[in-house]
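Good morning, and thank you for making time for this presentation. Please keep the sequence and the structure in view while I speak.

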Protein chains: 2
Amino acid sequence: MYLETIDGPHDLLALTSEQRVALASEIRRALIHKLSKRGGHVGSNLGFVEATIALHYVFQGPDDKIVFDVSHQSYTHKMLTGRKDAFLDESKYNDVSGFSEPNESDYDLFRTGHTSTSISLASGLAKARDMRHGSGNVVAIIGDGSLSGGEALEGLDFVGSELNSNMIIVVNDNGMSIAENHGGLYRSLAKLRESQGMSPENPFTALGLDYRYVDKGNDIDALIEAFESVKDTDHPVVVHIHTLKGLGYAPAERDKEEWHWHSAFDESTGKSLKPHQRTYQTEAGDQLLRMMQRDPEVTGIIAGTPTVFDFTPERRAQAGAQLVDVGIAEEQAIAMASGMAKGGGKPVVGMYSSFLQRTYDQMMQDVCVNGSLATFCIASGSIWGANDVTHLGLFDIAMIGNIPGLVYLAPTTVEELDAMMEWSVAQTDGPVAIRVPAGQMRHSGQRAVRRDYSQTNRFEVTQRGSDVAVVAAGDFYHLGEQVVDELQRTLGINATLINPLFISGVDDTLLRGLQRDHRVVVTLEDGILSGGFGQKVAAFYAPTSMRVLTYGFAKEYIDRFDPAEVMRRNGLDPVSITRDVERALRDAQGNTQGNAQGTMRGGAQSGSLHGTEASFSPTVAAA
Amino acid sequence: MYLETIDGPHDLLALTSEQRVALASEIRRALIHKLSKRGGHVGSNLGFVEATIALHYVFQGPDDKIVFDVSHQSYTHKMLTGRKDAFLDESKYNDVSGFSEPNESDYDLFRTGHTSTSISLASGLAKARDMRHGSGNVVAIIGDGSLSGGEALEGLDFVGSELNSNMIIVVNDNGMSIAENHGGLYRSLAKLRESQGMSPENPFTALGLDYRYVDKGNDIDALIEAFESVKDTDHPVVVHIHTLKGLGYAPAERDKEEWHWHSAFDESTGKSLKPHQRTYQTEAGDQLLRMMQRDPEVTGIIAGTPTVFDFTPERRAQAGAQLVDVGIAEEQAIAMASGMAKGGGKPVVGMYSSFLQRTYDQMMQDVCVNGSLATFCIASGSIWGANDVTHLGLFDIAMIGNIPGLVYLAPTTVEELDAMMEWSVAQTDGPVAIRVPAGQMRHSGQRAVRRDYSQTNRFEVTQRGSDVAVVAAGDFYHLGEQVVDELQRTLGINATLINPLFISGVDDTLLRGLQRDHRVVVTLEDGILSGGFGQKVAAFYAPTSMRVLTYGFAKEYIDRFDPAEVMRRNGLDPVSITRDVERALRDAQGNTQGNAQGTMRGGAQSGSLHGTEASFSPTVAAA
């Protein structure tokens with residue numbers, strides 16, 4: 001085993017060409033084995049083994065700086081930079097994250113997870129080096145469909161003329177995005193591959209960049225030669241390498257889309273160990289297909305992630321021309337939806353909460369300022385979404401819930417999701433976003449399902465009680481039911497339960513009505529509290545005597561977490577909430593009587609003035 | 001006069017070639033005259049007169065659809081589409097906005113104001129047309145530096161291979177952005193101009209687009225010929241036209257940057273009627289220059305808008321290599337700042353609040369997830385910023401104030417602005433944004449200026465009183481002073497005045513302390529209430545008996561407004577606020593006594609339960 005001798009990139013220098021090839025095989029075997037146990041990015045990493053060895057052979061990190069885009073293809077890099085045990089020893093599998101992580105190693109420069117950022121980030125490293133009269137190469141890796149993202153294109157354009165110093169952009173061209181590639185750029189890359197880099201339609205030289213093509217992108221010697229030829233360049237240069245996604249694992253070579261990311265699998269057969277599970281995203285995709293069949297003007301728009309609607313190649317074929325995949329180009333997806341709407345079309349965009357962050361301006365300007373009749377299905381906006389720090393789905397309510405003119409709906413069941421999609425596509429009031437739940441699939445059962453959401457911000461009382469009202473949004477409606485049960489059980493309170501349905505505003509009339517016989521209102525939302533839904537309820541009642549307890553998540557970054565643990569830590573369980581409510585009720589009472597009647601003193605009164613905040617769980621008043 | 005005979009584009013068809021040239025002169029004269037009185041986008045419109053005539057001669061709107069990018073160069077378009085009086089008759093000058101506006105005309109398809117959107121929006125129109133089996137040309141106009149924006153590049157890439165039907169992209173190439181152009185793309189455009197379109201380094205063909213060059217971009221006949229040759233094309237085609245920015249007005253031809261947008265001026269001399277005024281942005285620029293001189297590693301980053309630091313060409317020369325203008329590429333600017341910070345540099349980004357919207361994801365992922373030590377000066381985040389609907393500066397607190405890891409500071413004086421910039425560049429805690437005020441410049445005078453902001457969210461009590469506390473942020477601190485005065489004058493209340501300094505969180509300790517002898521807390525912020533600073537204060541006190549009145553702006557789009565009027569409408573004046581405080585105090589009292597003593601009844605009690613919300617100004621509880 002050569003891999004066991006590699007404690008850092010310098011150990012590569014001792015290996016012969018043949019030994020480096022053997023090392024690549026060992027790495028590949030380790031990758032496949034770990035991935036079969038834990039799942040992860042299979043195809044992208046298998047294709048980039050040789051390039052990573054060559055990069056670390058030629059460039060001397062951490063002085064030379066290698067920036068990975070998305071960094072989902074950095075597994076080999078981790079193995080070569082002192083972290084091999086996390087791939088060889090099953091008991092240490094969890095020692096590394098699936099992305100580059102400066103806390104793990106000096107060789108990891110950024111925490112990245114979104115696409116299309118490496119060129120811009122690297123341009124900053126290069127500029128800082130120049131300003132400080134430093135030295136060293138700056139290398140940006142990009143590929144796997146990331147080039148079509150606006151940030152990458154802005155970066156290429158900038159580097160192409162404004163950075164007149166060393167920078168190397170390695171374009172890892174495996175002919176694929178997550179699914180197939182989209183966009184003229186990828187057509188040009190194909191022509192460059194066919195012509196051994198000679199095609200005149202070269203997007204890199206057209207942006208002012210020097211260019212070099214390496215056809216054998218899985219040949220370590222060829223790569224070493226190419227990288228050595230550009231090392232210490234005095235100007236930016238693109239090295240376009242042609243790699244094979246999934247190389248070395250037959251199933252991954254055969255079905256590149258399926259194996260871009262894969263859950264744990266049987267190593268010998270490639271069969272998934274986890275059967276396909278229906279989720280709310282499957283349901284949203286089904287509903288979209290049903291609407292498409294009924295109405296040829298309904299058009300789905302996705303940005304490189306068909307999984308957002310659980311759209312397999314078969315389901316995409318079913319949608320046909322009624323589905324537009326713009327590739328990794330979220331801004332294009334959202335703005336195009338606005339254009340389609342103005343042209344009389346019926347666009348339904350599917351996007352993950354985390355990637356929606358790319359489109360704040362397009363949502364604000366292209367869509368909402370124009371009141372375009374587009375529907376946005378936002379997936380994985382939940383603590384049960386992705387659990388790495390760069391893909392958190394906890395910010396979308398705070399982000400788009402405050403954009404004027406946008407209605408943000410939060411279904412709590414399959415039937416509500418369907419009804420909201422149906423209504424949104426048919427209505428003519430304005431843009432609508434729907435937060436596709438991420439928790440366990442639930443059904444409305446006996447509960448009535450609203451069909452018409454045109455009265456904005458009209459909440460639904462699903463159980464009428466008094467004293468305490470629980471406003472439980474989307475994914476957390478079920479938690480709301482549990483809280484109501486616990487209040488009954490523990491305190492004998494027959495609480496009111498409300499399904500707000502809308503999370504971008506509050507139902508003034510309903511909230512005002514609660515003041516008659518309620519003293520405490522609890523809000524529950526599956527997102528950060530700061531800027532979110534609960535704070536709107538809190539602000540509504542702020543000038544009144546109503547006590548409001550808002551539950552959601554603290555404004556913080558969390559990484560590789562257990563959702564249950566994070567919920568507990570944020571006080572999101574029926575027992576803690578019930579305890580908080582009990583205190584709030586006592587405090588409200590104490591405050592009223594204590595202030596008015598000088599004879600009452602002690603616990604209740606002092607509690608009302610000093611004990612309040614200290615006694616609530618930290619999230620209650622978190623900003 | 002031919003212009004007077006033009007009621008719509010069809011009237012152009014009756015004109016001869018010579019008459020069209022005469023018409024262009026008349027339009028130009030009207031433009032210059034109106035612009036001299038009212039100010040506006042001078043150079044961009046003067047350069048695009050002939051192209052607009054040719055477009056409307058060849059394409060038959062509104063069936064053929066013309067989408068303007070930014071739409072700041074749409075004045076001639078407005079004149080030719082039934083709105084000439086708004087340019088000929090001074091009493092009607094205000095009848096049209098400075099941007100395209102569907103409410104004015106069917107020929108205006110979108111409300112636009114941000115750059116780089118036309119291609120994406122038009123691609124949606126084209127796709128909707130195809131889905132509906134419709135007909136008609138879709139034309140996107142782009143230029144003036146807008147091509148370098150990520151959304152435009154994503155759009156070009158998409159259209160280049162995915163839209164296999166009619167679409168025409170007119171690239172208005174005047175060799176300029178607002179200031180000079182930046183990026184490899186513009187270098188390629190220059191080579192295409194020099195080679196009459198023959199240069200092989202062609203970014204459009206490299207993205208799969210058909211291409212055509214028109215050198216005489218101010219020759220109506222040449223343009224008509226070119227547009228006719230691509231009319232009804234069955235695939236996307238770029239028509240690259242070479243125009244002269246400012247054509248026909250000597251001062252604007254000479255100094256293209258100065259005349260991109262210009263305030264009212266003396267028509268004969270070109271001298272501005274409004275002398276240059278020092279603003280907080282000038283101060284931020286001065287401070288940045290001072291810091292640059294002391295420390296060669298301090299680097300300013302701007303994205304095509306040097307005015308954000310009031311950076312004239314002279315001041316830019318002074319900054320030298322310590323200033324990077326990335327061109328219109330906001331995502332690149334923010335991500336590059338993160339890279340520079342990680343490389344040990346000291347980046348200071350200047351960006352307008354409205355354009356910061358382009359970078360939510362870069363702020364979140366590239367900067368904050370990485371804790372990069374970058375400083376962001378956010379300008380025009382204020383009701384006193386731009387007053388058109390597409391450039392509102394009221395959303396930035398709600399947008400970035402809820403991003404974990406970002407400290408958002410709001411100076412209230414020149415001295416605080418300087419101190420915050422100074423501190424931010426020196427500190428090593430994390431990313432810092434500073435909201436450069438937009439109101440009247442004020443000085444700290446006797447007030448102490450804090451130098452160290454490392455204790456996050458520590459507010460400053462500037463006047464210690466009781467009963468009522470006024471937390472007045474940034475630009476609105478002065479209003480807070482007026483409220484405190486009015487409370488004293490009218491109600492005899494010696495209120496506490498607080499300068500929060502931080503607007504991305506609350507001072508738990510200080511707010512808790514206020515509970516001892518305060519019953520009402522007022523918050524004032526120069527931004528929307530929804531998701532903003534005041535709601536954080538409201539949420540903090542939500543579980544307590546404190547009454548909180550939050551003041552700011554409703555979540556709505558406003559256009560061509562009078563800031564004073566909008567403030568009044570949102571209850572933002574000392575008299576209204578004092579009246580609200582009086583009610584809240586009475587209500588708090590009534591609630592306490594009314595509930596506790598059955599003998600009290602009538603006004604106070606019923607007011608506490610029902611009258612509360614109705615009696616407050618509408619914004620107080622607005623969500």
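Predicted model: local features only at pLDDT ≥ 70, side-chain atom pairs only at ≥ 80, totals over all residues.

How are chain A and chain B related? Chain A is superposed on chain B by a rotation of 180° with 0.0 Å of shift along its axis, and the RMSD is 0.0 Å. The two copies are therefore related as by a two-fold rotation axis. Both copies use the same surface, in that 100% of the contact residues of chain A recur in chain B.

I turn now to a sheet in chain A. Here 6 strands form an open sheet with parallel pairing, in the order S7-S6-S8-S9-S11-S10. At the edges are strand S7 (323–325) and strand S10 (407–409) of chain A, each of which pairs on one side only. From one strand to the next, the twist averages 20°. Within this part of chain A, strand S8 (residues 346–352) and strand S9 (residues 375–379) pair in the parallel sense over 5 bridges. A:Tyr352 has A:Ala379, in S9(A), as its bridge partner. Helix H11 (residues 280–294) of chain A packs on the sheet and touches strand S6 (298–302), S7, S8 and S9 of chain A. The direction of H11 makes about 145° with that of S6(A).

Next comes helix H8 of chain A, residues 184–194. Which of its residues are buried? They are A:Gly184, A:Leu185, A:Tyr186, A:Ser188, A:Leu189, A:Ala190 and A:Leu192. The cover over these buried residues includes, from chain A, helix H7 (150–162), strand S3 (167–173), strand S4 (210–214) and strand S5 (236–242). It also includes helix H7 (150–162) of chain B. Just after H8(A), A:Gln196 takes a positive phi of about 55°.

I move to the charged pairs. Side chains of opposite charge can pair when their charged atoms come close. Over all chains, the count comes to 70 salt bridges. In one of them, the side chains of A:Asp286 and A:Arg278 meet at 2.9 Å, N to O. A:Asp286 is buried, at 16% relative accessibility, whereas A:Arg278 is partly exposed at 42%. Both residues belong to a network of salt bridges that links A:Arg278, A:Glu283, A:Asp286, A:Arg290, A:Arg315 and A:Asp418.

In chain B, the side chains of B:Lys84 and B:Asp7 form a salt bridge at 3.0 Å, N to O. B:Lys84 lies in the loop between helix H4 (75–83) and helix H5 (85–88) of chain B, and B:Asp7 in the segment before helix H1 (17–38), so the pair ties together parts that are 77 residues apart in sequence. B:Lys84 is buried, with a relative accessible area of 10%, while B:Asp7 is exposed at 52%.

A further salt bridge joins B:Glu50 and B:Arg28, at 2.8 Å, N to O. Because B:Glu50 lies in helix H3 (residues 49–58) of chain B and B:Arg28 in helix H1, this pair ties together parts that are 22 residues apart in sequence. Are these two residues buried or exposed? Both B:Glu50 and B:Arg28 are buried.

What of the cysteines? A search of the whole structure finds 0 disulfides over all chains. A:Cys368 is buried at 5% relative accessible area, and B:Cys368 is buried at 4%.

I close with the backbone. A cis peptide bond joins A:Gly61 and A:Pro62, with omega about 0°. A:Pro62 is in the loop between helix H3 (49–58) and strand S1 (65–68) of chain A. In chain B, a cis peptide bond joins B:Gly61 and B:Pro62, with omega about -10°.

Two residues other than glycine with positive phi also deserve mention. A:Asp310 has phi near 50° and is found in the loop between S6 and helix H12 (313–319) of chain A. A:Asp310 is buried, at 15% relative accessibility. B:His133 has a positive phi of about 55° and lies in the loop between helix H6 (118–131) and strand S3 (138–143) of chain B. B:His133 is exposed, with a relative accessible area of 74%.

Methods: Residues numbered from 1 in each chain as written. Chains lettered and ligands numbered in written order. Heavy atoms only, no water. Salt bridge = Lys/Arg side-chain N within 4 Å of Asp/Glu carboxyl O. Buried < 20%, exposed > 50% of the residue type's maximum accessible area, 1.4 Å probe, protein only. Helix = DSSP H or I, 4+ residues; strand = E, 2+ residues; numbered from the N terminus. Contact = heavy atoms within 4.5 Å. Disulfide = S-S within 2.5 Å. Least-squares fit on C-alpha atoms with pLDDT ≥ 70 in both. Pairing = 2+ DSSP bridges. Axes fitted to C-alpha atoms, helices over the stretch in contact; angles between N-to-C directions.
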